[in-house]
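Got a model open and wondering where the labels come from? Let's go through some of them together.

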Amino acid sequence: MIISLISQKGGVGKSALARLLAVEFIRAGWQVKIADLDTMQGTTTKWKARRDRAGLQPEIPVEKFATVERAIREADRFDLMLLDGPAHAEQGGRGMAKSSDLVLMPTGYGLDDLEAQVEAAYELEESGIDRAKIWFVFCRTTGSPSEDQAARDYLKRAKINVFDLVFPELPSIRQGHNAGKAASEISFPAVQERSAALAAAIAKHMQTKKAAA
Ligand SMILES: Nc1ncnc2c1ncn2[C@@H]1O[C@H](COP(=O)(O)OP(=O)(O)O)[C@@H](O)[C@H]1O
Ligand SMILES: [Mg+2]
């Protein structure tokens with residue numbers, strides 16, 4: 001299976017979500033690799049180096065790929081390949097999305113983020129990507145329930161799928177990233193549980209799709 005993480009903007013939480021999913025799927029016994037396609041930044045590759053220096057388990061296979069095609073060619077060797085995309089991906093991420101079973105598009109609550117991401121999703125659709133496999137995830141969220149509701153209403157009007165669970169912006173998660181951890185590995189149980197629950201919801205979605213296929 002292939003899950004891609006796509007956004008036109010940088011800093012929305014693609015790499016954070018890729019790390020979380022990698023850790024949780026590996027814990028569940030899957031063979032997983034993260035393809036770091038953000039070769040300019042190499043954020044996930046650097047994170048993996050910090051993780052290895054800290055001796056954290058499980059080991060997360062991460063590899064930089066210069067092209068999407070090369071990453072996809074390797075995908076067969078894994079149960080799950082996570083395509084951690086760059087900002088401003090080529091063709092708006094079409095190459096990644098085309099081969100993916102699920103396209104995750106992180107967004108914040110603000111219109112600046114939402115509008116850009118909805119536009120990117122529509123572009124993917126126009127280029128032939130099935131709307132059903134595009135799912136938004138509210139990431140790096142700070143704000144009130146009313147902001148959450150307003151953002152959900154916006155996506156409903158735009159006819160965009162979004163997960164119920166969110167990935168909150170928290171200093172402890174940022175510090176965890178600094179130490180080579182994913183959000184579900186940081187020491188606060190409440191944050192661990194919340195992060196793991198988001199990954200589980202995404203895993204469940206994948207299983208349901210697999211069963212239906
Ligand atoms: N839930 C979160 N809480 C705190 N910091 C976060 C969270 N998600 C991401 N970050 C931090 O925000 C920055 C951008 O996130 P990142 O996942 O690298 O975005 P992208 O891959 O979309 O560019 C990074 O410094 C990352 O550590
Ligand atoms: Mg990134």
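What follows is a set of questions and answers on the labels used for this model.

Q: How do you know which features to trust here, and how are things numbered?
A: This is a predicted model, so local features need pLDDT of at least 70 and side-chain atom pairs count only at pLDDT 80 or more, while totals for chains, interfaces and linings use all residues. Residues are numbered from 1 along each chain as its sequence is written, chains are lettered from A and ligands numbered from 1 in the order in which they are written, and side-chain values use heavy atoms, with hydrogens and water left out.

Q: Why is Ile 134 called buried?
A: Buried means under 20% relative accessible area, exposed means over 50%, and partly exposed is in between (1.4 Å probe, protein chains only). Ile 134 has 3% relative accessibility, so it counts as buried. Its place is in strand β6 (residues 134-141); strands (E, at least two residues) and helices (H or I, at least four) are DSSP runs, numbered from the N terminus.

Q: What is Ile 134 in contact with, leaving aside its neighbours within four places in sequence?
A: Contact means heavy atoms within 4.5 Å. On that basis the partners of Ile 134 include Val 103, Met 105, Ala 121 and Leu 124. Met 105 is 29 residues away along the chain, yet the two C-alpha atoms are separated by 7.3 Å.

Q: Why is Thr 141 called buried?
A: Thr 141 has a relative accessible area of 8%, so it is buried.

Q: What makes Ser 172 buried?
A: Its relative accessible area is 13%, so Ser 172 gets the buried label. Ser 172 lies in helix α7 (residues 171-178) and, neighbours within four places in sequence aside, is in contact with Ile 186, Phe 188 and Val 191.

Q: How do you know that β1 and β4 pair?
A: Two strands pair if DSSP finds at least two bridges between them. Here 4 bridges join β1 to strand β4 (residues 80-84), and the strands run parallel. Across that pairing, Ile 3 stands opposite Leu 82 and Leu 5 opposite Asp 84.

Q: Why is β4 called mostly covered?
A: 5 of its 5 residues are buried. Leu 80, Leu 82 and Asp 84 point one way, and Met 81 and Leu 83 the other way. In a regular strand the side chains alternate between the two faces of the sheet.
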